[in-house]
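User: I am new to this one and would like to go through it step by step. Could we look at it together?

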Amino acid sequence: MRKNIVAGNWKMNTLLEDGVELASNINDALKSRKSNCDVVICVPATHLVPVNAVIENGILGLGAENCSEHEQGAYTGEISAAMVASTGARYCILGHSERRQYFGENNEQLLAKTKLALANGLTPIFCVGEVLEQRENGTYNDVVRSQIEALFSLDAEDFAKIIVAYEPVWAIGTGKTATADQAQDMHSNIRRAIASKYGEEIADNTSILYGGSCKPSNARELFSKPDVDGGLIGGAALKADSFMGIIEAFD
Ligand code: PGA
């Protein structure tokens, strides 16, 4: 059966010392109370090694927020999937809407990144989601379906390793959460799209996270929906208390 997962996406926040302290506080909080979900923090690349040194395997998973679509070589400033894996990280967010929107990442690049992440043993947290205009003009299901279909050239064994995150762009950092019913509808559409390509078993086993202004006060209702298997958390992941509050929604 699929896992429930709460993953933090720190984005471009925290200086090193603060980030290490936050990770260590989250690790300690998780040690003192058993959680009913897997917990992952995806942190800036500069923080991966020092954060890995203060968290414990089996308690808190570590991920990057992006990796290069190239394997290695003359790509100044880029960080490869192999480099991410060499830090001890086991996850990598890919296709976040901020990467798509501000850095022009397209489906072809995201497929290349996903393949490299998988080849290096990383679990991709693959983000999809529509913008407000697409929500309003009713094309949102098609938009998200085509974002997922961008991965459908993967073989079943590889696709089965992916975590999907549905993040409606209009809900990210805006305080405007999708309703639990809107999230459930989309998650079930995503699961159906996966089932039509890879079959019911893989679809049933794929964790689909919701992201976009998820916080302790709304997490329980969102996570109570049958196809919502946890959250990808931005702002509320930057404080141990609010992040733990979301994790406790699975109690
Ligand atoms: P938010 O961000 O929780 O701050 O809305 C979520 C995300 O972008 O992953």
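User: How are α11 and α12 oriented to each other, roughly parallel or roughly antiparallel?

Analyst: This is a predicted model. In it, helix α11, residues 216-223, packs with helix α12, residues 240-247, at an angle of about 20 degrees. Angles under 35 degrees count as roughly parallel, and α11 and α12 are therefore roughly parallel to each other.

User: How far apart are their axes, and what is the handedness of the crossing?

Analyst: The axes of α11 and α12 are 8 Å apart, and the crossing of these two helices is right-handed.

User: What about α7 and α9, at what angle do they pack?

Analyst: Helix α7 (residues 140-149) and helix α9 (residues 180-198) pack at about 45 degrees, and 10 Å separates their axes. The two are therefore oblique to each other. The crossing in which α7 passes α9 is right-handed.

User: Changing topic to the ligand: which residues come nearest?

Analyst: There are 13 residues around the ligand, of which Lys11, His96, Glu167, Gly173 and Ser213 come nearest. The shell divides into four nonpolar, seven polar and two charged residues.

User: Which side chains have an N or O atom by a ligand oxygen?

Analyst: Among them is glutamate 167, with a side-chain N or O atom 2.7 Å from an oxygen atom of the ligand. For asparagine 9, the corresponding side-chain distance is 3.3 Å.

User: How much of the ligand does the protein bury?

Analyst: The protein buries 94% of the 280 Å² that the ligand exposes when taken alone.

Notes:
Residues are numbered from 1 along each chain as its sequence is written. This is a predicted model: local features need pLDDT of at least 70, side-chain atom pairs count only at pLDDT 80 or more; totals for chains, interfaces and linings use all residues. Side-chain values use heavy atoms; hydrogens and water are left out. A residue is near a molecule or strand if one of its heavy atoms lies within 4 Å of it. A polar contact is a pair of N or O atoms within 3.5 Å; within protein, one must be able to donate a hydrogen and the other to accept it, and residues adjacent in sequence count only if both atoms are side-chain atoms. Accessible areas come from the Shrake-Rupley method with a 1.4 Å probe; for residues, only the protein chains shown count as cover. Ala, Val, Leu, Ile, Met, Phe, Trp, Tyr, Cys and Pro count as nonpolar, Asp, Glu, Lys and Arg as charged, and the others, Gly among them, as polar. Axes are lines fitted to C-alpha atoms, for helices over the stretch in contact, and angles run from 0 to 180 degrees between N-to-C directions. Helices (H or I, at least four residues) and strands (E, at least two) are DSSP runs, numbered from the N terminus. Angles under 35 degrees count as roughly parallel, over 145 as roughly antiparallel, 65 to 115 as roughly perpendicular and the rest as oblique. A crossing is left-handed if the near helix is turned anticlockwise from the far one by less than a right angle, and right-handed if clockwise.
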